Amino acid sequence: MAGSVESGGRDFTQDGSVDLKGNPVLRSKRGGWKACSFVVVYEVFERMAYHGISANLVLYLTRKLREGTVTSANNVTNWVGTIWMTPILGAYVADAHLGRYWTFVIASGIYLSGMCLLTLAVTIPSLKPPSCTHPGDPGCSESASPLQLGVFFGALYTLAIGTGGTKPNISTIGADQFDDFAPKERAHKLSFFNWWMFSIFFGTLFANTFLVYIQDNVGWSIGYGLPMVGLAVSIVIFLVGTPYYRHKVPSGSPFTRMGRVIVAAIRKWSVPLPTDPKELHELDLEEYYSKKNKFRIDSTPSLRCLNKAAVKSGPNTPWMLCSVTQVEETKQILRMIPILIATFIPSTMLAQVNTLFVKQGTTLNRKIGSSFEIPPASLAAFVTLSMLISVVIYDRFFVVIMKKRTNNPRGISLLQRMGIGLIIHIIIMLTASLTERRRLRVAKDHGLVENGGKVPLTIFILLPQFVLMGIADAFLEVSKIEFFYDQAPQGMKSLGTSYSMTSLGIGNFLSSFLLHTVSNITERNGHRGWILNNLNASHLDYYYAFFTILNFLNFIYFLVATKLYVYKAEASESVEVLGSDWAMVRASNNGVSET
């Protein structure tokens, strides 16, 4: 472990943080909430930009590019899936080569170029199909040309490549501003991810209200141009904060380090393990860990087969002999995979918010008063609002109450918080199924099944499923990000953060797969499919009921996975340490000195 780093009375950080030139940094000059403020404000504007594009995308595809319900929903979820899968590559580049800061800066340029091209694609007449104001207009039957589709989707996927470098690194950069060796800073990090999610959903709220209204009532050129400007502003804000950031030196490819452990363990499969773990290979504590401000991890009994990589037998090459710390880092990444799998299904539910949930809204009465119509995509604002309120209540009240009962500074464990979110997801899809059944019954009673007319029900009957989704996010999404960051090894934090994003990516791809598969299966033998372009003749209630069952089975799997999960040693110990740290912080704030 790193020791204290002080020189001439100056208080340097003790976690290996450096400036861009690789020099140690003073705690008073860099990092903390001062540096985080730039990161948090960046995230507000960036999420406004991202959700300004994604919130209404399914309607742009159906209205402007003339795509059907299933095709447009699949195109959206495939794109969003790519958005959340590319962070694996961005995390690798950051951890192995460029570092988080430079990976983020370069990726931001790619991100912005994609946004600029997308704005041009919806603005220049030759790059979009003719307008279709009324059903009888000649342009209504004209679909988008291959060139128009190529430019539009090319811009979307350029944007996706850029987000691959920004998303896994920006939250990690924020968390890196707090020194784990300083009790007060380590205590503050506990609240960081809550307020990080607060900033995300604040930007999302603006996108789902103001920008969605602009796109529906003013035009797509301005509706997409504003997110582009917002992204440019966010990048400038981040760069302004550069003098205040702490940085971590790239520690090499995490995939190479893990690969060496797995290969070495396989090659020494028949070699017996020593009875004393101290006989396993480890680097010198002072030379390789203390001086380099790195963590050494002791051997653990879980996944014992990988311990063979540290058995002193045969050549001392990197692919034949690994340190105990290297083995334990690999174990930590592998141990999280069952928990990661449990997050795929709820991520699939999130994909419904900007696809099928929005399409449901187009079939209902959207008028408020005599003239104003609420855009269907703006209902996603209620996801944001309920999440914002839930995070504040959770952080300020729930945690305070539970800390007194559990002595856990987080109130409850991260996995317990995730479990509550999974239960809420079951309730969400059950609610959505019952609501859709009611909508279909009213459509049938009014003879609207075949003509697909507007159902005489207010759009606000969909409100419960949107509000519940926000509450679920406050439990599941916040804890998911914090869990994968917290449990990742010190040198693989970007990779750990990318786990939570991979969850969203696979969830969106899984949504596309399920939608396509269910549509094909239910259309066989002359039967109507569950999901048609005419939602009044569809059976979304069956589809949502299927999701309810899927969520319940996933929750059972999660209970098994958490029962078998072993927290990494230093994280388990840190819960007790953090409890005393909070006491120290409160005491110091009250002017009380401890002996």
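Student: Which residues does Q326 touch, not counting residues up to four places away in sequence?
Tutor: This is a predicted model, in which local features need pLDDT of at least 70, side-chain atom pairs count only at pLDDT 80 or more, and totals for chains, interfaces and linings use all residues. Residues are numbered from 1 along each chain as its sequence is written, and side-chain values use heavy atoms, with hydrogens and water left out. Contact means heavy atoms within 4.5 Å. With residues up to four places away in sequence left out, Q326 touches R257, R260 and V261.

Student: Where is the place of Q326?
Tutor: Helices (DSSP runs of H or I, at least four residues) and strands (runs of E, at least two) are numbered from the N terminus. Residues 324-335 form the helix that holds Q326, namely helix α10.

Student: Is Q326 buried or exposed?
Tutor: Buried means under 20% relative accessible area, exposed over 50%, and partly exposed in between (1.4 Å probe, protein chains only). The relative accessible area of Q326 is 15%, so Q326 is buried.

Student: What relative accessible area makes I110 partly exposed?
Tutor: I110 has its place in helix α4. I110 counts as partly exposed because its relative accessible area is 34%.

Student: What percentage of the residues of the chain count as buried?
Tutor: The chain has 19 helices and six strands. Of its 595 residues, the share that counts as buried is 57%.

Student: Among contacts between residues at least 6 apart in sequence, what percentage join residues at least 24 apart?
Tutor: The count takes in contacts in the chain between residues at least 6 apart in sequence. Of these, the share joining residues at least 24 apart is 81%.

Student: How much space lies in the largest cavity?
Tutor: A cavity is a set of points, on a 1 Å grid over the protein atoms alone, where a 1.4 Å probe fits but cannot get out. Its volume is the space filled by probe spheres set on the points, which are joined across faces, edges and corners. A search of the whole structure finds two cavities of 30 Å³ or more. The space in the largest cavity is about 650 Å³.

Student: Which lining residues are the closest to the centre of the largest cavity?
Tutor: Lining residues have an atom within 4 Å of a point. The largest cavity has 38 of them, and the closest to its centre are R47, H51, W84, L350 and L504.

Student: Which helix gives the largest share of the lining of the largest cavity?
Tutor: Helices that each supply at least two residues of this lining include α3 (69-85), α12 (344-350) and α17 (493-522). The largest share is seven residues, and it comes from α1.

Terms used:
On a 1 Å grid over the protein atoms alone, a cavity is a set of points where a 1.4 Å probe fits but cannot get out, and a pocket is an open set with protein on both sides within 12 Å along at least five of seven lines; lining residues have an atom within 4 Å of a point.
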